[in-house]
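Hi everyone, thanks for coming. Let me put the sequence and the model up on the screen, and then we can walk through it together.

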Amino acid sequence: MSDVRNGTEAPVLGPARRWLVLAAVSAGLLLISVDMTVLYTALPTLSADLGANASQRLWIINAYPLVMAGLLLGAGTLGDRVGHKRMYLIGLVLFGSASLVAAYATIPEILVAGRAFLAVGAAAMMPATLSLIRITFTDEHERGIAIGVWGTMAMVGAAIGPIVGGLLLAYFWWGSVFLVNVPIVLVALVLAAVVAPGGSGGSDHPWDLIGSVQVMAGLAGAVYAIKEVTGPEPRATAVLAALVVSVAGWWTFVRRQRGRPYPLIDFALLRDPRILIGVLAAAMAMFAVAGVQLVLTQRLQLVLDLTPFHAGAVVAAMALGALPVGVTAGALLSRLGTRPVIGTGLLVTAAGTALILFTSNLPLAWTVTGLLVAGAGTGAAMTAASAAIVGYAPEHRAGMASSVEEVSYELGSLTGVAILGSLLSAVYARTVALPEGAPAEAAGGLDEARGVAAGMEEDAAAALLAEAVHAFDNGYRATLLIAVVVLTASGLFGFLYKRGSASETTPAQG
């Protein structure tokens with residue numbers, strides 16, 4: 001027996017091999033997701049060791065999702081051309097090599113370059129993971145479960161990233177958060193090479209490198225503008241220049257895609273409201289996960305004085321909420337449909353985030369409860385979003401649909417970190433009231449204030465830290481409030497947008 005996919009014939013695999021394929025691609029996806037957030041707990045340590053300033057810290061975090069989002073669309077099309085197994089294996093090799101570069105970086109610039117190199121490998125791997133699942137699982141019920149596991153792995157990876165970072169920092173130097181990738185890459189590489197279905201692809205579509213560069217220009221300009229406008233002394237010329245670059249990048253990208261016979265993204269896909277809602281849900285779920293985790297891990301360490309490991313352990317509660325709900329949602333999608341699961345999931349995530357916000361001054365158990373609730377909602381929403389985007393797309397757009405789905409994840413993560421992280425810094429800088437005689441650098445952030453206070457007399461240090469913590473909490477509450485509003489609006493949009501204009505049945509068996 002065979003199953004025709006994208007012009008090629010892939011064998012129908014036996015049950016054991018199908019689930020081994022899922023294990024192989026899930027390992028890669030887990031690595032990609034962990035590296036999205038693993039630096040949240042390691043950032044204070046590596047910043048001190050490398051002497052990274054606030055701007056360099058931003059790019060150390062954002063280089064990874066920015067480059068990945070720029071390359072993902074092209075990587076999906078390239079996978080359709082050369083074969084998704086081949087792309088996955090190439091991506092694993094690149095990811096492992098980049099991990100070594102990042103682990104042994106000696107200056108911030110090398111670490112930023114290493115993170116960008118990691119993103120190249122991740123971009124090659126990520127569309128291939130979902131495409132291989134679609135090729136491997138031909139039964140609708142099995143595919144729903146497999147996509148549920150896949151979507152949950154993305155959520156779990158992002159959620160356990162901080163605890164992985166914290167655990168490694170308890171025993172090793174900060175480079176270990178990258179070095180740990182290498183053995184996992186080797187295992188996934190061998191397993192995928194043995195069990196994943198092969199094929200050389202059936203598409204003769206060219207790879208559009210120019211389009212990928214245009215996307216990265218649009219993203220980089222937007223991130224830089226956000227960082228500059230939320231800084232303590234924003235420069236109008238720098239903001240304007242960044243916005244011009246961003247608009248030019250996006251405008252030329254859209255024009256180029258509409259005029260090409262083989263575009264990186266067929267905008268007609270987004271005319272299907274089910275796919276559009278899936279894209280929005282994936283982006284907003286990761287917006288919440290990445291942004292909230294970033295500000296929460298900082299507060300746990302800088303305000304509550306938790307160790308990196310303990311801070312990561314608290315944040316990992318989100319993964320505990322996501323895993324069972326995501327898998328269950330995948331199994332039930334054939335009965336419930338994607339739209340109700342997406343809308344409900346986003347609203348539950350909003351409720352969990354609101355619980356974290358309004359119980360910030362209560363015992364930590366309340367924060368953990370909020371994370372469990374938010375994780376449950378996010379796991380359900382991400383699973384249904386993945387199924388909607390991939391399942392409702394035409395067969396010949398399988399690679400493109402996978403890339404669109406993953407770009408939505410990366411855009412959500414990138415904007416969550418850029419907007420909420422920058423908002424936290426902006427509110428701190430604008431509300432902190434430094435005591436008389438306190439050094440000006442304490443206005444840069446709570447971590448800077450703690451560093452300054454370490455060299456001051458006890459009473460002066462206590463006064464400075466009290467003001468700094470107050471200002472930090474102002475920013476913390478503002479960021480969580482924005483997250484709640486965005487998630488609530490997105491959940492309602494998922495329920496109400498063009499209701500009834502397209503079939504509400506489950507994605508067709510591909």
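A word on what you are looking at. This is a predicted model, where local features need pLDDT of at least 70, side-chain atom pairs count only at pLDDT 80 or more, and totals for chains, interfaces and linings use all residues. Residues are numbered from 1 along each chain as its sequence is written, and side-chain values use heavy atoms, with hydrogens and water left out.

Now the overall picture. The protein has 18 helices and 2 strands, taken as DSSP runs numbered from the N terminus (helices: H or I, at least four residues; strands: E, at least two). Of its 510 residues, 56% count as buried, meaning under 20% relative accessible area with a 1.4 Å probe, protein chains only.

Next, the inside. The largest nonpolar core has 140 residues, and those touching the most other members are L39, L46, Y64, M68, Y88, L111 and F178. Such a core is a set of buried Ala, Val, Leu, Ile, Met, Phe, Trp, Tyr and Cys residues joined through side-chain atoms within 4.5 Å. Helix α11, residues 273-302, gives the largest share of this core, 19 residues.

Let's zoom in on Y88. Y88 is one of the buried residues of α4, a helix of 20 residues, 84-103. From first C-alpha to last, α4 reaches 28 Å, close to the 28 Å expected at 1.5 Å a residue (that is, 1.5 Å times one less than the number of residues). Beyond its neighbours within four places in sequence, Y88 has contacts (heavy atoms within 4.5 Å) that include A24, G28, M125, L132 and A192.

Where does α11 turn up again? It supplies the largest share of the lining of the second largest pocket, 5 residues. Lying nearest the centre of that pocket are I265, L270, V279, V407 and L411, out of 19 lining residues.

Helix α16, residues 398-431, also supplies at least two residues of that lining. Within α16 sits G421. Is G421 buried or exposed? G421 is buried, with a relative accessible area of 14%. Leaving aside neighbours within four places in sequence, G421 is in contact with L294 and G416. G421 also lies 9.3 Å from G475, C-alpha to C-alpha, although they are 54 residues apart in sequence.

That's my tour, so please ask away!

Conventions. Buried < 20%, exposed > 50% of the residue type's maximum accessible area, 1.4 Å probe, protein only. 1 Å grid on protein atoms, 1.4 Å probe; cavity = no way out; pocket = protein on both sides within 12 Å on 5 of 7 lines; lining within 4 Å.
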